[in-house]
Amino acid sequence: MEYPISAAEERQPPLPPKPGPAPGCPPHDGQQRPHSSAAGFVLVHAGAGYHSESKAKEYKHVCKRACQRAVEKLKAGAMAVEAVTAALVELEDSPFTNAGMGSNLNLSGEIECDASIMDGKSLHFGAVGALSGIKNPVLVANRLLQEAQKGKLSAGRIPPCFLVGKGAYHWAVHHGIPPCPSDKMATKFSLSAYKRNKRKMELAERAESEYKQTKKRRQSSENGGLVDPSPRRDDDSGCLDTVGAIVVDGDGNVAAAVSSGGLAMKHPGRVGQAAHYGCGCWAENACNLNPYSTAVSTSGSPFLASEDCVLGGVIVLRCCRCVETQPPQDLQALLVEFLWSHTTESMCVGYMSAQDGKAKTHISRLPPGAVAGQSLAIEGGVCRLGSLAD
């Protein structure tokens, strides 16, 4: 069903199918299609950064579970936005990802999370930034989206779609999302990383102070910068960034979501790109003249023009309905094209259709000799989902 394609294979892209009516739009005859609860596709990633070989099994396992949770929702008849939320919750609950549980600690030694979600059918968006005390920030983002879809509040007030800090926390608790103390969300991995980063900062600040006092360039070149003097160990997965997921359901609706603990040692209150509209994720159903639905979830900061090394990653899917060439020709299937790409050392991904028995997982790595931030890896595939009458 899936046909993986990598950049190294230098294959020509598949010819575009004969498109049928756009997903998410009514068919040309005006009749509503029956819901296909057995169809759908999910693609997830567990962060772009460095994934050690010793923890490869754990990263692949969490991607596998995230795909399974999303597919369970799809098989039960849930829409894409519900399935993508389920995938993100699984990714946030893993102590190996920088999202939710085990997130990076900020400068004050606290966890503050960002998350956003977008529904391609309604184009509604929900997001939270610098949120502490909530185990699964994507649940708050999704609830904001759901509440916005209900319309205006009392006295004609516009419902919020993006909340930050204490306001986001109190809104979440008021809407029934249980709190979780920030210290309970820290893991031995995140605490260890915080101690290492704090030591690096202290060394760097001391070196800078000595340089200013002595004006010796030698000291600056030997000691300056946030560089760990010890070599990287294989059991130390260095910086990992945002996690994300994208989904298309059996009706052709798409959704995307993203969640992140943010940069290590960030200033308290900082809101990263994961929470920003049109930056962390995007989803839009096809309609009118465009036969393709699109969903995107990003990781890192690929648009920082002032940076020499641009580190980031992305997962993308687009899909359309294609008319069957064999009779009966009124049946239509979904053709899903998907890819992942990164400039970091590695990126762990997983994908699965509702018709698959199990998820496929993969840790994509830059080729030998490639320099992170200056090289690009890109892989992907094509998945044809069964027709609505199957």
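1. Helix α3 has 13 residues and spans 19 Å from its first C-alpha to its last, which is close to the 18 Å expected at 1.5 Å a residue. The model is a predicted one. Just after α3, Gly-151 adopts a positive phi of about 105 degrees.

2. Which residues of α3 are buried? They are Pro-137, Val-138, Val-140, Ala-141, Asn-142, Leu-144, Leu-145, Glu-147 and Ala-148. An α-helix has 3.6 residues a turn, so residues three or four places apart point the same way. The cover over the buried residues of α3 includes α2, β3, β4, β5, α4 (165–174) and β7.

3. The sheet is open and has eight strands, in the order β5-β4-β3-β7-β6-β2-β12-β13, with mixed pairing. Strands β5 (162–164) and β13 (360–365) are at the edges with a single partner strand each, so one side of each lacks a neighbour in the sheet. From one strand to the next, the twist averages 10 degrees.

4. Helix α2 (residues 80–93) lies across β2, β3 (113–119), β6 and β7, and runs at about 155 degrees to β6.

5. How many residues of strand β6 (residues 243–249) are buried? Seven of its seven residues are, so defined by a relative accessible area under 20%. In a regular strand the side chains alternate between the two faces of the sheet. Val-243, Ala-245, Val-247 and Asp-249 point one way from β6, while Gly-244, Ile-246 and Val-248 point the other way, and all are buried.

6. Strand β6 pairs on one hand with β2 (residues 40–49), in the antiparallel sense and over six bridges. In this pairing Phe-41 stands opposite Val-248 of β6. Strand β6 also pairs with β7 (residues 254–260), again antiparallel and over six bridges. There, Val-248 stands opposite Val-254 in β7, and Val-247 has Ala-255 as its bridge partner.

7. The last point concerns the turn. Strands β6 and β7 form a hairpin with four residues between them, and Gly-252 in the turn has a positive phi of about 85 degrees.

Conventions
Residues are numbered from 1 along each chain as its sequence is written. This is a predicted model: local features need pLDDT of at least 70, side-chain atom pairs count only at pLDDT 80 or more; totals for chains, interfaces and linings use all residues. Side-chain values use heavy atoms; hydrogens and water are left out. Buried means under 20% relative accessible area, exposed over 50%, partly exposed in between (1.4 Å probe, protein chains only). Helices (H or I, at least four residues) and strands (E, at least two) are DSSP runs, numbered from the N terminus. Two strands pair if DSSP finds at least two bridges between them. Axes are lines fitted to C-alpha atoms, for helices over the stretch in contact, and angles run from 0 to 180 degrees between N-to-C directions. Contact means heavy atoms within 4.5 Å. The expected span of a helix is 1.5 Å times one less than its number of residues.
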